[in-house]
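Please read these remarks alongside the model. They are set out as numbered points for a colleague to check.

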Amino acid sequence: MKPLAAGNWKMNGLKASVSEIMALKDRLDGTAPACDVLICPPATLVMSLADAAAGSVIQIGGQDCHSAVSGPHTGDVSAAMLKDAGASAVIVGHSERRADHGETSETVKAKAQAAIAEGLVAIVCLGETLAEHEAGDTLSVVHAQLNGSLPDGATGATTIVAYEPVWAIGSGLTPTAEQVAEVHQAIRAGLSAMTSAEEAHLIRILYGGSVKPSNAAELMAIDNVNGALVGGASLKADDFAGIIAAM
Ligand code: PGA
């Protein structure tokens, strides 16, 4: 399956950041990346980045959506709004949202289902905290999050899973290749049990947490790693182009 290089800009980026998309477009122009390319900017930039990326391989996504289509939810953005603005995908259940906004796996599942109902691809994030990691609970935490967050009827066309150990995000730390392989294998087995063996092999499983140009090739070579979800290193076109080249 074709890997995905997905960039998560988090709460970074102003109008001037459109220049990074133009730069990335230039860097990719004439190349045929071996992966799909997605940038998820803050909601305020989805429309301008989608316009700037038009005609290129770069797709634009959101970082979160509400589970309702519309209504009295001050400050929230619906999947339909993201789609209308030019998004093709949306991240749901990022650990920063689970931690900062108390999102449960049940909420994340509802958001993923709302996204898919609007025709967006849902990127469902899972990952253990440092304390859970040190307690040896990684697999049970990830399994519980997968069980609780995976949208009903998930397929390779509608759903992507991202494994992001919380302690690896923005820290410069990454798990060993063996640890990544073990968790991704467990996620694949979980997907098999929840969908079917055939479908589970069509659902991409991304690794995220301190991915950079210098470690991307090694991480992407691990079994059952089908792409990367990249925070800090997606903010600069040069760094992200380096990761895309490593796919
Ligand atoms: P990072 O963030 O690449 O800056 O570690 C990854 C993420 O949170 O998606």
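This is a predicted model: local features need pLDDT of at least 70, side-chain atom pairs count only at pLDDT 80 or more; totals for chains, interfaces and linings use all residues.

1. Residues are numbered from 1 along each chain as its sequence is written, and side-chain values use heavy atoms, with hydrogens and water left out.

2. The barrel is closed by 8 strands in the order S1-S2-S3-S4-S5-S6-S7-S8, with parallel pairing; strands are DSSP runs of E with at least two residues, helices are runs of H or I with at least four, and both are numbered from the N terminus. Two strands count as paired if DSSP finds at least two bridges between them. On average, neighbouring strands of this sheet are turned by 25° against each other, direction ignored, the axes being lines fitted to C-alpha atoms, for helices over the stretch in contact, with angles running from 0 to 180 degrees between N-to-C directions.

3. Strand S5 (residues 121-126) pairs with strand S6 (residues 159-163) in the parallel sense over 5 bridges, and Cys 125 has Ala 162 in S6 as its bridge partner. Helix H7 (residues 138-149) packs on the sheet and touches both S5 and S6, its direction making about 150° with that of S5; contact here means heavy atoms within 4.5 Å.

4. The ligand is surrounded by 13 residues, the closest being Lys 10, His 94, Glu 164, Gly 170 and Ser 210, where a residue is near if one of its heavy atoms lies within 4 Å. By class the shell holds 4 nonpolar, 7 polar and 2 charged residues, with Ala, Val, Leu, Ile, Met, Phe, Trp, Tyr, Cys and Pro counted as nonpolar, Asp, Glu, Lys and Arg as charged, and the others, Gly among them, as polar.

5. A polar side-chain atom of His 94 lies 2.7 Å from an oxygen atom of the ligand, and a polar backbone atom of Gly 231 is 2.8 Å from a ligand oxygen atom. The protein covers 95% of the 280 Å² of accessible area that the ligand has on its own, as given by the Shrake-Rupley method with a 1.4 Å probe.

6. Lys 10 is found in the loop between strand S1 (4-8) and helix H1 (18-28), and its phi is near 50°, a positive value in a residue other than glycine. Asn 224, in the loop between helix H10 (213-220) and strand S8 (227-230), likewise has a positive phi, near 70°.

Notes. A polar contact is a pair of N or O atoms within 3.5 Å; within protein, one must be able to donate a hydrogen and the other to accept it, and residues adjacent in sequence count only if both atoms are side-chain atoms.
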